[in-house]
Amino acid sequence: MLLTFTKPKFEALIKENIKKHTIRADKTNRWKVGNTIQFWNGNPRNVHAKNKPHQFGNGVCERISHIEIYPSKNEIIIEGYKYNNTEVLSKIAINDGFENWEEMKTFFTEDFVGKMIFWKDCVWS
């Protein structure tokens, strides 16, 4: 399955194992443990993009966790566990490629329910 990223910095963060997961809506329940992953910087379907999309690796979906993000409450719920400590929220944000919880809240500005997708067995190009 394609896993596309719009922020160019995510490629290096993923390869350096700083960004350990991604958060997606997955309303049709497409993501499953064991799915192969093709990592892309940009969307390969956007052939007219200013920065040419490129694949930077392959991997396997290792784990999927349910996540709820409530930026106005400074709260994240993962698999039923509530996190509202700023230090823990920032750790979750860093693992998703943000500088801290405050930066993550600029991306997730409204309440969000989705999945955290973790990967393994990655080969980088």
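## A residue-by-residue look at a predicted chain

Glutamate 87 is exposed, with a relative accessible area of 67%, where exposed means over 50%, buried means under 20% and partly exposed lies in between, with a 1.4 Å probe and only protein chains considered. This residue belongs to helix 2, which spans residues 86-95; helices are DSSP runs of H or I with at least four residues, strands are runs of E with at least two, and both are numbered from the N terminus.

The model is a predicted one, in which local features need pLDDT of at least 70 and side-chain atom pairs count only at pLDDT 80 or more, while totals for chains, interfaces and linings use all residues. Residues are numbered from 1 along each chain as its sequence is written, and side-chain values rest on heavy atoms, with hydrogens and water left out.

### The chain as a whole

The chain holds three helices and seven strands, and read from the N terminus its elements follow the order β-α-β-β-β-β-β-α-α-β. Along the principal axes, the C-alpha atoms fill a box of roughly 40 × 30 × 25 Å.

Of the 125 residues, 42% count as buried. The accessible surface of the chain comes to about 7400 Å², and carbon and sulfur atoms hold 51% of that surface, the areas being computed by the Shrake-Rupley method with a 1.4 Å probe.

The chain carries 19 positive and 15 negative charges, whose mean positions are 6 Å apart. Lys and Arg count as positive and Asp and Glu as negative, with His and the chain ends not counted, and each charge is placed at NZ of Lys, CZ of Arg, CG of Asp or CD of Glu.

### Cysteines without a partner

A search of the whole structure finds zero disulfides, a disulfide being a pair of cysteine sulfur atoms within 2.5 Å. Cysteine 61 takes part in none, since the nearest cysteine sulfur, that of cysteine 122, is 11 Å away, and seen from cysteine 122 this distance is too far for a bond. Cysteine 61 is buried, with a relative accessible area of 1%, whereas cysteine 122 is partly exposed at 25%.

### A buried serine

Serine 65 sits in strand 4, which covers residues 54-70, and with a relative accessible area of 8% this serine is buried. Leaving aside residues up to four places away in sequence, serine 65 touches Ile78, Glu79, Gly114, Lys115, Met116 and Phe118.

### Loop residues

Most residues other than glycine have a negative phi. Asparagine 17, although not a glycine, has a positive phi of about 60°; this asparagine lies in the loop between helix 1 (9-15) and strand 2 (21-24) and is partly exposed at 48% relative accessibility. Asparagine 29 likewise has a positive phi of about 60°, but its place is in the loop between strand 2 and strand 3 (36-41), and at 41% relative accessibility it too counts as partly exposed.

Isoleucine 18 is also found in the loop between helix 1 and strand 2, where it is partly exposed with a relative accessible area of 33%. Not counting residues up to four places away in sequence, isoleucine 18 touches Leu13, Ile94 and Asn95.

Glycine 42 is placed in the loop between strand 3 and strand 4, and its contacts, with residues up to four places away in sequence again not counted, are Thr4, Phe5 and Pro53.

### Separation in sequence and in space

| Pair | Separation in sequence | C-alpha distance |
|---|---|---|
| Glutamate 87 and leucine 3 | 84 residues | 28 Å |
| Isoleucine 18 and phenylalanine 98 | 80 residues | 9.8 Å |
| Glycine 42 and serine 125 | 83 residues | 15 Å |

Key:
Contact = heavy atoms within 4.5 Å.
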